[in-house]
Amino acid sequence: MADVKDIVVAVDGSEASTSAVAWAANCAWKRGEPLKLVSAYTMPQFMYADGMVPPPELYTELENEANAKLDDAIEVVKSVSTDIQYSTEVREAAPIDFLLNLSETAEMIVMGSRGLGGLSGLVMGSVSAAVVSHASCPVVVVRKDNELTEANKYGPVVVGVDGSDVSRQALAIAFKEADARKTTLRAIHSWQETQVHTSYVGVVESQSKLDSVIKQHQDMLSEELEGLLKQYPNVEVEEIVERERPIHALKEAATDAQLLITGSHGRGGFRGMLLGSTSRALLQYSPCPMMVVRPQK
């Protein structure tokens, strides 16, 4: 039996971090997997000015502050379920390096957006950009307003499908999440067709071409789902094909969702998922927590 990997959640004491801890605890409980609460601290750079050596008690104070934040996070975990297996780790380290190292053996990394302290700027800042772009495992970003509510508690898992290898990886994870959460999987494939012009051809011929293109996209989505439907027979799947920009299609589909999953560097509508406007907008404005899956080497 393969070793069970930790769901790692970054803790910094902010409201966003608390939301991330609650989401990660709920995920660990539903998956039956262990949770690891981690926090990092760094010595202020001015303490090294002019050859200064920070006093040992300052290190102790920073470590104690980090441990206090972890203690608060543990209470959040226990409020979700006392049956969750968890561990903690505090490290004096740069947050990016710390989280990227942990990602090599983690099931996923969960981060709160707009955090404070060592994990600040988790959506638009350097920490989140680096972790989302370079982590060796999927990364979930939870904004502070992505609270778990009765309205979305049992909502669907939404996944973007574009036919690329990384999209297939994201799709496999989405099925696993939907199965563990006993909820519906909403598979979205969006496309933009610029070759069907009603102004140059007859209405009937144009509609026929459009119908043919739509069927091609629907067939592609069905083919991508086929094997996983057999692997997860208990997962109910909604197949949605839309002639729409990916950001609009995914955001609309995730309105009542408990998780949105996308693959990075996918083809077609999801090109530039991490570094372009689509990813930035989704990470900022997704109505639910968002998981980014990178290509596995």
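Visitor: In which helix is the place of Ala178?

Guide: In this predicted model, Ala178 has its place in helix α5.

Visitor: Why is Ala178 called buried?

Guide: The relative accessible area of Ala178 is 1%. Buried means under 20%, so Ala178, at 1%, is buried.

Visitor: Which residues does Ala178 touch, not counting residues up to four places away in sequence?

Guide: Ala178 touches Val157, Thr183, Thr184, Leu185 and Val235. Of these, Val157 is 21 residues apart from Ala178 in sequence, and the two are 5.9 Å apart in space, C-alpha to C-alpha.

Visitor: What makes the pair Arg31 and Glu107 a salt bridge?

Guide: The closest N and O atoms of Arg31 and Glu107 are 2.8 Å apart. The cut-off is 4 Å between a side-chain nitrogen of Lys or Arg and a carboxyl oxygen of Asp or Glu, so the pair forms a salt bridge. Arg31 lies in helix α1 and Glu107 in the loop between α3 and β4, so the pair ties together parts that are 76 residues apart in sequence.

Visitor: Is Arg31 buried or exposed?

Guide: Arg31 has a relative accessibility of 13%. This value is under 20%, so Arg31 counts as buried. Arg31 and Glu107 also belong to a network of salt bridges, in which they are linked with Glu33, Lys176, Glu177 and Arg181.

Visitor: How do you know that the side chains of Asp162 and Ser164 make a polar contact?

Guide: The distance between these side chains is 2.7 Å. A polar contact requires a pair of N or O atoms within 3.5 Å, and the pair of Asp162 and Ser164 meets this limit. Asp162 is found in the loop between β6 and α5. With a relative accessible area of 10%, Asp162 is buried.

Visitor: How many salt bridges does the structure hold, and what share of the residues counts as buried?

Guide: The structure holds 13 salt bridges. Of the 297 residues of the protein chain, 51% count as buried.

Definitions and conventions
Residues numbered from 1 in each chain as written. Predicted model: local features only at pLDDT ≥ 70, side-chain atom pairs only at ≥ 80, totals over all residues. Heavy atoms only, no water. Helix = DSSP H or I, 4+ residues; strand = E, 2+ residues; numbered from the N terminus. Buried < 20%, exposed > 50% of the residue type's maximum accessible area, 1.4 Å probe, protein only. Polar contact = N/O pair within 3.5 Å; in protein donor to acceptor, adjacent residues only side chain to side chain. Contact = heavy atoms within 4.5 Å.
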